[in-house]
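The sequence and structure come first, and the description follows.

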Amino acid sequence: MRRYNKIKKLRNNKIFFSIFIFLLFIFLAIIFFKISTLDKFIYVTKTSDNLTKIIVVDSKKDKNIIYKIPAGTLLKSSRGLGEYKIESLWILGKKENFEGKLVSESISSNYSIPLYLWKDGVKTNLNIFQRIKVFFNKYQNDNNDLEFVSFDLPSSILIDFINNDIQEAGLSVELNDLTGDQNVVKNVSSILGNLGTKISTYTKGYEEDFDCQIYGSNTKAVKIIANIFGCKISKEDVTTSDIKIKLGGKFADRF
């Protein structure tokens with residue numbers, strides 16, 4: 001009887017182990033699939049020697065494209081906080097409890113590029129799959145760390161920031177401008193163009209206490225644009241265009 005129980009226990013352990021290995025294999029397969037099918041994403045990071053880099057991770061081509069921003073570059077900070085060297089913006093972001101978001105917003109506004117992801121040491125707003133991709137892909141670079149030498153970036157650089165899925169979708173974008181600031185709208189339009197879409201319908205007004213809201217049928221594009229500009233996503237139906245963006249005076253103040 002004792003020997004039978006021992007054999008039974010051993011058999012149960014083998015079954016449990018087999019199930020565990022099978023489930024582990026399924027789990028790893030899902031992780032691998034998620035990572036290998038990630039959309040291209042762009043993030044800004046600070047290196048150990050305080051150098052700021054913008055990294056384009058193209059999962060389909062399995063490569064990184066890296067651009068440096070010199071530490072002494074003066075940027076107009078988002079949130080109306082003034083002008084700072086980019087190395088100081090990382091510090092200011094922590095002080096104001098924005099972390100790397102202040103840097104990504106400021107870079108997006110100054111260079112007119114669609115950027116909202118950031119990484120500062122262990123702190124980041126990258127999702128878990130993007131973090132894993134960054135870890136395993138960190139040595140696969142496609143250039144020699146080119147520099148941003150001016151705010152007017154050439155098309156040979158801007159093309160790296162285009163979201164191919166958004167560009168291929170050919171989305172119609174309606175902009176309801178309530179900012180009262182033509183320069184802000186011009187910059188927003190440039191960022192959208194460098195993302196891979198453009199404003200097709202434009203209406204104008206003024207609403208001082210309104211910030212930013214976005215509606216749309218293309219959920220992926222809506223989420224990306226909302227993250228770039230810090231917009232609230234609304235469930236309201238859009239009938240005249242694929243995406244509608246509404247910007248107000250508060251947006252102009254913080255952008």
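Just after helix 8, Gly230 has a positive phi of about 65 degrees. Helices (H or I, at least four residues) and strands (E, at least two) are DSSP runs numbered from the N terminus. This is a predicted model, in which local features need pLDDT of at least 70 and side-chain atom pairs count only at pLDDT 80 or more, while totals for chains, interfaces and linings use all residues. Residues are numbered from 1 along each chain as its sequence is written, and side-chain values use heavy atoms, with hydrogens and water left out.

**Nonpolar cores**

Within helix 8, the buried residues (under 20% relative accessible area; exposed is over 50%, partly exposed in between; 1.4 Å probe, protein chains only) include Ala221, Val222, Ile225 and Phe229. A nonpolar core is a set of buried Ala, Val, Leu, Ile, Met, Phe, Trp, Tyr and Cys residues joined through side-chain atoms within 4.5 Å. The largest such core has 26 residues, and Val188, Ile214, Ile225, Phe229, Ile243, Ile245 and Phe251 have the most contacts inside it. Elements giving two or more residues to this core include strand 9 (172–177), helix 7 (182–195) and helix 8 (219–229). Helix 8 gives the most, with 7 residues. A second, separate core of 24 residues includes Ile54, Ile86, Leu89 and Leu153.

Leaving aside residues up to four places away in sequence, Phe229 touches Val188, Ile191, Leu192, Cys212, Phe251, Arg254 and Phe255. Contact here means heavy atoms within 4.5 Å.

**Aromatic pairs**

Rings of Phe, Tyr and Trp (its six-membered ring) pair if their centres lie within 6.5 Å; planes under 30 degrees apart count as stacked, over 60 as edge-to-face and the rest as tilted. By this rule there are 9 aromatic pairs. Two of them are tabulated below.

| Pair | Type | Centre to centre | Angle between planes |
|---|---|---|---|
| Tyr111 and Phe151 | tilted | 4.9 Å | 55 degrees |
| Phe251 and Phe255 | stacked | 4.9 Å | 20 degrees |

Tyr111 lies in helix 3 (residues 101–111) and Phe151 in the loop between strand 8 (146–147) and helix 5 (155–158), 40 residues apart. Tyr111 is buried at 3% relative accessible area, whereas Phe151 is partly exposed at 39%. Ring pairs also join Tyr67, Tyr111, Phe148, Phe151 and Phe161 into a cluster.
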